[in-house]
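Below are a few notes from my read-through, in numbered points.

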Amino acid sequence: MVENKKIIIAIDGFSSCGKSTMAKELAKRLGYIYVDSGAMYRAITLYCLEHGLITGEVVDQVALEKALPTISITFKLNRNGLPETYLDGKNVEREIRTMAVSDKVSQVSAIPFVRKALVSLQQALGKEKGIVMDGRDIGTTVFPDAELKIFVTASPEVRALRRCEELAAKGAEVSFQTVLENVKKRDYIDQHREESPLVMAKDAVLLDNSTLSIEQQNEWLYNKYREVVSK
């Protein structure tokens, strides 16, 4: 059976493209470990907000670098078998998805020592393979030798609409324009940061899911996996 061949699957792309949704579904289907690298950066951002380490657009990097070794980020499966993020032992899955965190996460994730620490943690998680990880630099920096690399994109307007719908489902009402501006702001920061900028790996497969349903993109991804493990 080709499914017995364990590989690393790296899914990169722009914010609010549905990377986590498709990565979770594929991991569940394959019995692989799923890691949301973006959740790690969101957890660090939440820590900064809760401890007053962000003023406007400025992060107190001295205080954050001092605190970083003591911050614990873990993942635990909920009763539906899906991973949820824990910050220092507390379930923060809902808190890290708020607009307050979304508005600052790109600034925090651009800090070199933050990326270095989390990349090391992510690489350790993938040593045994059989992992699906999504983020911004998984195929280029974290797992440059991943057997399957996907780069996901969609128009900013489509992504903003999806994000609004996601927030509304959680009871948070945010204007479309506010979310669209946040999406564009994060795109710019992610693509222009000095440390591991968002770029498509040369050997990645491009997926524009602007017009695809969740079911269609899940099947597309599974077929790409089958192509790789059958070689």
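1. Axes are lines fitted to C-alpha atoms, for helices over the stretch in contact, and the angles run from 0 to 180 degrees between N-to-C directions. Helices are DSSP runs of H or I with at least four residues, numbered from the N terminus.

2. Please keep in mind that this is a predicted model, where local features need pLDDT of at least 70 and side-chain atom pairs count only at pLDDT 80 or more, while totals for chains, interfaces and linings use all residues. Residues are numbered from 1 along each chain as its sequence is written, and side-chain values use heavy atoms, with hydrogens and water left out.

3. Helix H2 (residues 37-50) packs on H6 at about 140°, the two axes being 11 Å apart. H2 and H6 are therefore oblique to each other. Their crossing is right-handed (the near helix is turned clockwise from the far one by less than a right angle). H2 brings Ser37, Met40, Tyr41 and Ile44 to the contact, and H6 brings Val114, Arg115, Leu118, Val119, Leu121, Gln122 and Leu125; contact here means heavy atoms within 4.5 Å. These residues divide into eight nonpolar, two polar and one charged. In that scheme Ala, Val, Leu, Ile, Met, Phe, Trp, Tyr, Cys and Pro are nonpolar, Asp, Glu, Lys and Arg are charged, and the others, Gly among them, are polar.

4. Gln122 deserves a look of its own. This residue sits in helix H6 (residues 112-125). Is Gln122 buried or exposed? With a relative accessibility of 0%, Gln122 counts as buried (under 20% relative accessible area; 1.4 Å probe, protein chains only). Leaving aside residues up to four places away in sequence, Gln122 touches Ser37, Met40, Tyr41, Met133, Ile138, Val142 and Phe143.

5. A second pair to view is helix H1 (residues 19-30) with helix H10 (residues 214-229), which pack at about 55° with axes 10 Å apart. That angle makes H1 oblique to H10, and the crossing is right-handed. From H1, the contact residues include Met22, Leu26 and Leu30; from H10, they include Ile214, Leu221 and Tyr225. The contact divides into seven nonpolar, three polar and three charged residues.

6. How many disulfides does the structure hold? It holds zero, taking a disulfide as a pair of cysteine sulfur atoms within 2.5 Å. For Cys17, the nearest cysteine sulfur belongs to Cys164 and is 15 Å away. Cys17 counts as buried at 1% relative accessibility, and Cys48 counts as buried at 0%.

How values were computed: Helices (H or I, at least four residues) and strands (E, at least two) are DSSP runs, numbered from the N terminus. Angles under 35 degrees count as roughly parallel, over 145 as roughly antiparallel, 65 to 115 as roughly perpendicular and the rest as oblique. Buried means under 20% relative accessible area, exposed over 50%, partly exposed in between (1.4 Å probe, protein chains only).
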